[in-house]
Amino acid sequence: MMDAGRHPRIQLLVNSEVEDITGFVGNYRALVRRKARYVDAEACNSCAECAEVCPVAVPDEYQQGFSSRKAIYLPFPQAVPASYFLNADDCLGFNPIACGKCREVCEKECIDFDARDELLDLEVGTIVVATGMAPYDPRPNDEYGYTRFPNVVTSMEFERLICAGGPTEGEFVRPSDRRVPERIGFIQCVGSRSASRGVPYCSNICCMNTIKQCLLLADHYPDSRSTVFYLDIRAFGKGFEDLYRRTREEGVHYLRGLPGSVDEDPETHDLTVRVENTLSGRLETHRFDLLVLATGLVPHKGNGDGGGRRSVDEILSLAHTADGFVMEAHPKLQPVDAPSRGVYFAGCIESPKDIKESVTQAGAAAARAGNVLSAGQVRIEAITAQLLPELCAQCKICAQVCSFNAVVEASKRDDLLPEFIEAACAGCGTCAAECPFDAIHMKHFADAQITAQIEAILAEEPMRKIVAFACNWCSYAGGDTAGTSRLQYPPSVRLIRTMCSGRVDQKFIWHAFRSGAPLVLVSGCHFSDCHYIDAVTWTQRRVEKAWTRMEKLGIRPERLQLEWISAAEGRKFARVMKELDELRRRVTPEEVAETRRILEREEQKERRKRAGTAPTAPPPQPDDGTVRGLGGTA
Amino acid sequence: MASERKTFYCLRCGHRFLADLDPKQVVERSCPECGSNSVRRETPASKQGAAKEGG
């Protein structure tokens, strides 16, 4: 942090919030609010005289509330910049000035009560998001007595209690009576690996953190006795198993089983823990002076307040996996890339990880960002959206559905057409599918190409065919998995691959039914796996609309099926296809013929309507391969 | 607007079930009976249609 602060080419904006980000890779603009700190960071020499006279005392967040701080304070000893900071929420008030003692004693006159927030408009080429995580709040796990009993602390609080820079300057005492505890219990997996309370995943760091804390205790307080209640000890990683073994040699007692209850002796404040030892199958009772809850890590909620202020995740349209952490562009091949080009992740925003992993990922993210900046251009897939200006009615839907901010909104007032930024376009095709005027051409997945595939599938024996639209990344790959696993599924299923299920326009569904399809399937990634942020939600909306229309027209909605299949779900793919084949067999030729009549009639109505209102569609514009903004080629 | 309990039905197995619906959010749904994602909110019209078709 200090190196970063001193680096001539790194500008640290502390106590700042990102309010908006626009643009695309190589050309981002970030609007940053630098909050007023009321102390001139350049002039302040951290003499601490201001804090000495400040009459306010509030719990010190850095010390986990074990000590207090003033309204004007140094956030923590290694803070960069090493300057005091005035928290306006804690101050007695300076408009009008209610106290002003800090300003009176400051010889360098670096306190300015009139300071205001500053809005910075920054031009950046790439963005690294490293907004971290939050520790799990163990209060819902009431059986452990956290907040009810003073000697039940979290691992973060323990860290402050034993730290030389902590509130007791490294003198390890328990909160109730400031006595050095001898019997210390550690409860693992508090909030982790639980479907009912907390989060279902393993928080990765807690086992090794507890092992480290046990070693610290053994080293600083040889008379202490530590007991660890655990489900499994997960000590993978270089040297970690050795550390685990060392704690056992030091006499740390590991007991498999999580306590069912914790009670306190009201006089001594000692704690009694009841636990089932799952190795011996016996109920055991243990007494401790201090109990440490190894709390898990949960996704950081960002700085959004759910109201007008948006979090960085919202501003950048970051997708999240089911556990709430952000989703990478590819879990194996692009583990630090966001789905939007030029945005990278570092640290626990992506998943719980320790310092070593965070540093590794940060290095990778910086290298990825550096590659783009030094190259000056990006190479992208040629599968991008292209506007057909003659057909555009400036309805703005394309810009609204694009999660990659690849479409600059049209303006009827200024007679501006939407602008498609190829460098930002990910090629999902949602805009093309949602455009009510067919004014967007999807390169390599054009309407004509897809309808030709539908017609080819249904050219012969349509009653024996199921038209299945499958997304490239998940469902189509799921079919591959089924194939390579030698799983049998009916030959009636004919796949049409699209990059994303978001590309499946309603008109493809109608075209399939009009061409005699008894059954149509739209399949894509699970919501948490969507490679195009939230394109899959548009697929669902569209299919729901199609169901409603089918119902109105007297076509059974059951004949349009929706399924989310991941690349690993080969078995599910095969099972679903068998189920669909059963459904297909129940569709009669008469029903298909009636559907064709209904849709033909509707098509004629549409044609008459279009002939009266819209111009004739010109052929798609030739692709010159230029990527806007970076001078690269597609 | 808070989420409400609404009736959904499965377009594959016909199973009906209650689930939360937040009009502002599109969430992945699956039938608790057969696991299918072809799950649709039941409306008076869909109920009538299903009854007519015996689904």
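How many bridges join S12(A) to strand S13 of chain A, and do the two run parallel or antiparallel? I looked this up in a predicted model. Four bridges join S12(A) to S13(A), residues 253–256, and the strands run parallel. I picked out one pairing here: A:Val228 stands opposite A:Tyr254 in S13(A). Then I traced the path of the chain. It leaves S12(A), passes through helix H6 of chain A, residues 240–249, and reaches S13(A). I noted this β-α-β crossover as right-handed.

Next I turned to the pairing with S11(A). Strand S11 of chain A covers residues 183–190, and S12 of chain A covers residues 225–230. Five bridges join them, and they run parallel. A:Phe186 has A:Val228 as its bridge partner in S12(A). Between S11(A) and S12(A) the chain crosses through helix H5 of chain A, residues 206–220.

I checked confidence. Chain A has a mean pLDDT of 92, and 95% of its residues reach 70 or more. I marked residues 617–634 of chain A, where the pLDDT is below 50. Beyond near neighbours in sequence, that stretch has 41 contacts in the model.

Last, I looked at where the chains meet. I found 16 residues of chain A in contact with 13 residues of chain B. Helix H14 (535–553) and strand S27 (560–564) of chain A each supply at least two residues of the side that touches chain B. H14(A) gives the most, with six residues. I sorted this side of chain A by residue type: five are nonpolar, four polar and seven charged.

Methods: Residues are numbered from 1 along each chain as its sequence is written. Chains are lettered from A and ligands numbered from 1 in the order in which they are written. This is a predicted model: local features need pLDDT of at least 70, side-chain atom pairs count only at pLDDT 80 or more; totals for chains, interfaces and linings use all residues. Two strands pair if DSSP finds at least two bridges between them. A crossover is right-handed if, with the strands pointing away from the viewer, the path from the first strand over the helix to the second runs clockwise. pLDDT is the predictor's confidence in each residue, from 0 to 100. Two residues are in contact if their C-beta atoms, placed from the backbone, lie within 7 Å. Ala, Val, Leu, Ile, Met, Phe, Trp, Tyr, Cys and Pro count as nonpolar, Asp, Glu, Lys and Arg as charged, and the others, Gly among them, as polar.
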